Amino acid sequence: MTVAVGTVKDGKVILEGVALPDGTVVTVLADDDRPAVKLPGPLEAELLAAIDEADAEDGGAGPEFLEQLKRFG
């Protein structure tokens, strides 16, 4: 999994410093004016612990993590 930052120009996302091959499937999270997601204390602690665990591992469980996030809308 790669994390990249970009901007939209003429309806296309222009990435900064990353070139992805044609056909790469991406997930886009866009900043907007909606309020930040607020998790209850125990869920926030669980999320932070999972992030720490993922940071300590080789590779990652990106697709599984994104699936779990869907339950929060």
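**Elements and fold**

Mentor: The secondary structure of the protein comes to two helices and two strands. Helices (H or I, at least four residues) and strands (E, at least two) are DSSP runs, numbered from the N terminus. This is a predicted model, where local features need pLDDT of at least 70 and side-chain atom pairs count only at pLDDT 80 or more, while totals for chains, interfaces and linings use all residues. Residues are numbered from 1 along each chain as its sequence is written, and side-chain values use heavy atoms, with hydrogens and water left out.

Trainee: In what order do the elements run from the N terminus on?

Mentor: The order is β-β-α-α.

Trainee: What is the mean pLDDT of the protein?

Mentor: The mean is 82, and 93% of the residues reach 70 or more. pLDDT is the predictor's confidence in each residue, from 0 to 100.

Trainee: OK, the strands. How many bridges join S1 to S2?

Mentor: Four bridges join strand S1 (residues 6-9) to strand S2 (residues 12-15), and the two run antiparallel. Two strands pair if DSSP finds at least two bridges between them.

Trainee: Which residues in S2 stand opposite glycine 6 and lysine 9?

Mentor: Glycine 6 is opposite leucine 15, and lysine 9 is opposite lysine 12.

Trainee: What about the turn: how many residues are between the strands of that hairpin?

Mentor: There are two residues between them, and aspartate 10 takes a positive phi near 55 degrees in this hairpin. That is a positive value in a residue other than glycine. Aspartate 10 lies in the loop between S1 and S2.

Trainee: Is aspartate 10 buried or exposed?

Mentor: Aspartate 10 counts as exposed because its relative accessibility is 73%. Buried means under 20% relative accessible area, exposed over 50%, and partly exposed in between (1.4 Å probe, protein chains only).

Trainee: And valine 13, where is that?

Mentor: Valine 13 is in strand S2. At 47% relative accessibility, valine 13 counts as partly exposed.

Trainee: Which residues form the nonpolar patch on the surface?

Mentor: Val8, Val13, Leu20, Val26 and Val28 form the patch, with about 450 Å² of accessible area together. Patches are made of residues with over 30% relative accessible area and no salt bridge; like charges are joined within 9 Å, nonpolar side chains (Val, Leu, Ile, Met, Phe, Trp, Tyr) within 5 Å. A salt bridge is a side-chain nitrogen of Lys or Arg within 4 Å of a carboxyl oxygen of Asp or Glu. Accessible areas come from the Shrake-Rupley method with a 1.4 Å probe, and for residues only the protein chains shown count as cover.

Trainee: Where do leucine 29 and alanine 30 sit?

Mentor: Leucine 29 is in the loop between S2 and H1, and alanine 30 has its place in the loop between S2 and H1 too. Leucine 29 is exposed at 80% relative accessibility, and alanine 30 is exposed at 60%. Leucine 29 and valine 5 are 24 residues apart in sequence, with 9.9 Å between their C-alpha atoms. Alanine 30 and glycine 6 are also 24 residues apart, and 9.9 Å apart C-alpha to C-alpha.

Trainee: Next topic, overall shape. What is the radius of gyration of the protein?

Mentor: The protein has 15 Å, whereas a compact globule of 73 residues would be near 11 Å. The radius is taken over C-alpha atoms, and the globule rule is 2.2 Å times the number of residues to the power 0.38. Along its principal axes the C-alpha trace spans about 40 × 35 × 20 Å.

Trainee: How much counts as buried?

Mentor: Of the 73 residues, 1% count as buried. The protein exposes about 6,900 Å², with carbon and sulfur atoms supplying 56% of it.
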